[in-house]
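Here is a short report on a two-chain model.

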Amino acid sequence: MKKIDPTIKRYFEAALRLNEVPVRQEDHDDVLNAFIQLSEQARLVTEFPLANTVESTPCFVP
Amino acid sequence: MSAYIKTARQISDAVRMREVSAAEIVEAHITRIGEHDTKLNCFTDTTFLRARREAADVDRKIAAGEAAGLLAGVPIAVKNLFDIAGLPTRAGSKIYRDAEPAQFDAPVLGKLIRAGSVLLGGLNMDEFACGFVTENAHDGPTHNPHDLSRIAGGSSGGSAAAVAAGFAPITLGSDTNGSIRVPAGICGVFGFKPAYGRIDRTGTFPFANSFDHLGSFARNVEDLALTYDLMQDTDEISSLLPGEVNPARIAVLDDWFERGAGTEMLDAVKAVADGLGTTTRVTLPEAQRAHAAAACITAFEGGQLHKRNLGIQPENFDPAIRSRLLAGILQPAEAIYQAQRFRAWFRTQAKYLFERFDILLAPATPCTAPLVGQKTMTIADAEVSVRSHLGLYTQPISFIGLPVVCVPAVEAGSLPRGVQIITAPGREALAFAAAFRLERDGIIGATVATL
């Protein structure tokens with residue numbers, strides 16, 4: 001099994017509690033794995049340098 | 001010609017000319033469904049009594065000399081996330097299958113019914129439209145009509161397979177990250193995802209609000225265009241066909257949109273490009289990050305939508321979807337905020353491309369239909385999940401709401417392969433014009449599968 005980044009694991013456990021997301025014990029590892037995959041995707045996004053003038057698109061219009 | 005092979009246009013013309021009754025048409029399709037849907041599993045709900053009533057109404061109008069509509073007597077069916085009056089809107093789920101029945105049809109469905117079509121029922125999908133496989137944990141998998149051992153793609157798999165099987169010439173579906181284009185490509189039919197916001201989504205179950213599109217499937221370009229005309233009230237695409245396309249303003253997307261694609265998929269794109277007279281290639285920059293950002297936002301929006309039920313009845317979710325939705329809720333705000341900012345940046349990159357080009361081409365999927373039950377596949381030498389990777393080339397496009405006609409490449413003896421014809425928002429007519437030309441020249445086309 002792939003080694004889990006301890007920082008991600010700590011964030012995950014804290015976020016579970018803070019967001020009051022009740023994950024059953026039997027689902028815990030599957031959700032953690034899904035979260036790790038999403039974190040890898042998120043890293044691709046957050047590492048990309050955007051100019052400060054680029055605004056978010058919360059209400060998206062193409 | 002058997003009724004189930006006819007196009008919507010052929011059916012409505014024949015019904016209005018009284019060459020055949022709407023009742024006969026609907027019975028032919030009900031018989032076809034009865035004979036073969038046990039093998040395919042397209043329908044989760046049938047509305048045959050309603051269809052017979054609607055067909056009788058069409059026949060009565062024609063007998064009385066009244067206008068019967070552009071889809072007079074045309075059988076249709078819809079993904080089961082569309083409201084159908086009298087049925088629970090299950091959205092592929094166990095949780096909502098016993099919900100209060102919808103009081104009315106979704107407005108977009110109502111428009112097709114008012115145009116004379118008759119509704120045969122609701123169609124199978126991935127739970128909550130979250131997936132690309134239509135291997136529904138509660139309703140079972142939908143099989144590919146061109147090879148029953150293979151999946152139909154998803155999440156609108158029942159809709160695509162029903163058209164390929166000759167169960168209806170037109171069906172409706174939804175597309176959040178590729179859920180029309182993936183199954184259309186894999187089942188060898190035409191699929192259309194309009195620009196984001198062009199079609200009213202009232203009366204349909206959402207997945208990720210800022211990505212959700214409604215659209216349609218058909219076996220030819222003319223039916224697809226006519227359906228779009230009826231689904232929205234602004235454009236009349238069908239009246240613009242065949243239309244003109246300028247080969248100098250058409251390009252094939254490279255980089256991300258060919259990385260990991262099978263040879264058969266690249267061949268299909270080349271055949272379409274050749275047919276449109278272009279060899280130009282162009283890069284839509286940072287498409288991989290667009291794919292990633294789309295995944296983050298979708299999981300977040302979908303997770304928030306289902307958070308309450310994930311807490312009180314997690315056992316009623318498809319396990320494959322439950323984990324993704326729960327993980328989506330937990331993402332840090334920075335990831336979602338930056339993904340939305342990146343979305344604005346990426347949209348600008350596409351705008352730059354559309355200053356030079358009218359039409360962009362890309363494969364619909366990285367490969368042809370995987371086997372039912374297949375969990376992983378190899379893309380660019382990496383073993384990846386089938387369920388989440390069939391949309392590699394569709395996700396960056398719906399991320400910025402671009403309209404796409406997905407067309408089936410023709411090659412005897414091979415599994416279906418879809419190609420995306422992408423345009424700028426508001427320029428849907430160009431995608432239809434390109435598809436029409438390719439269909440006329442025999443480069444693309446859809447046939448009813450032999451079952």
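Thr89(B) counts as buried, because its relative accessibility is 12% (buried is under 20% relative accessible area, exposed over 50%, partly exposed in between, with a 1.4 Å probe and protein chains only). Thr89(B) sits in the loop between β2 (75-79) and α4 (107-114) of chain B. Helices here are DSSP runs of H or I with at least four residues, strands are runs of E with at least two, and numbering starts at the N terminus. The side chain of Thr89(B) makes a polar contact of 2.6 Å with the side chain of Asp83(B). A polar contact is a pair of N or O atoms within 3.5 Å; within protein, one must be able to donate a hydrogen and the other to accept it, and residues adjacent in sequence count only if both atoms are side-chain atoms. Beyond its neighbours within four places in sequence, Thr89(B) is in contact with residues including Asn80(B), Tyr96(B), Ala102(B) and Phe205(B). Contact means heavy atoms within 4.5 Å.

This is a predicted model, in which local features need pLDDT of at least 70 and side-chain atom pairs count only at pLDDT 80 or more, while totals for chains, interfaces and linings use all residues. Residues are numbered from 1 along each chain as its sequence is written, chains are lettered from A and ligands numbered from 1 in the order in which they are written, and side-chain values use heavy atoms, with hydrogens and water left out.

**A partly exposed aspartate**

Asp441(B) lies in the segment after α14 (428-440) of chain B. Its relative accessibility is 42%, so Asp441(B) counts as partly exposed. Its side chain makes a polar contact of 3.2 Å with the side chain of Arg440(B). The C-alpha atoms of Asp441(B) and Gly275(B) are 7.8 Å apart, although 166 residues separate the two along the chain.

**Backbone geometry**

Most residues other than glycine have a negative phi, and most peptide bonds are trans. Two peptide bonds and two phi values deserve a look here. The bond from Gly154(B) to Ser155(B) is cis, with omega near 10°. Ser155(B) is in the loop between β7 (147-151) and α5 (157-164) of chain B. The bond from Leu241(B) to Pro242(B) is cis, with omega near 10°. Pro242(B) belongs to the loop between α7 (221-231) and β11 (250-253) of chain B.

Glu20(A) has a positive phi near 50° and is not a glycine. Glu20(A) is in the loop between α1 and α2 of chain A, and is exposed at 68% relative accessible area. Thr134(B), also not a glycine, has a positive phi of about 50°. Thr134(B) lies in the loop between β3 (118-123) and β4 (135-136) of chain B. At 0% relative accessibility, Thr134(B) is buried.

**The interface**

The contact takes 34 residues from chain A and 42 residues from chain B. The two chains bury about 3200 Å² between them, 70% of it on carbon and sulfur atoms. Buried area is the accessible area (1.4 Å probe) that two parts lose on being put together, summed over both.

Seven residue pairs are in polar contact across the interface, both at pLDDT 80 or more. On the side of chain A that touches chain B, α1 (6-18) and α2 (28-46) of chain A each give two or more residues. The largest share, ten residues, comes from α2(A).

Buried residues of α2(A) include Val31(A), Leu32(A), Phe35(A) and Ile36(A). Their cover includes α1 of chain A with α9 (287-312), α10 (319-329) and α11 (333-356) of chain B.

**Salt bridges**

The rule gives 33 salt bridges over all chains. A salt bridge is a side-chain nitrogen of Lys or Arg within 4 Å of a carboxyl oxygen of Asp or Glu. Two of them cross the interface of chain A and chain B.

| Pair | N to O distance |
|---|---|
| Asp27(A) and Arg322(B) | 3.2 Å |
| Lys9(A) and Glu13(A) | 2.9 Å |
| Glu27(B) and Arg52(B) | 2.6 Å |
| Asp255(B) and Arg259(B) | 3.1 Å |

Arg24(A), Glu26(A), Asp27(A) and Arg322(B) are linked in a network of salt bridges. Lys9(A) and Glu13(A) are about one helical turn apart, because they are four residues apart in helix α1 of chain A.
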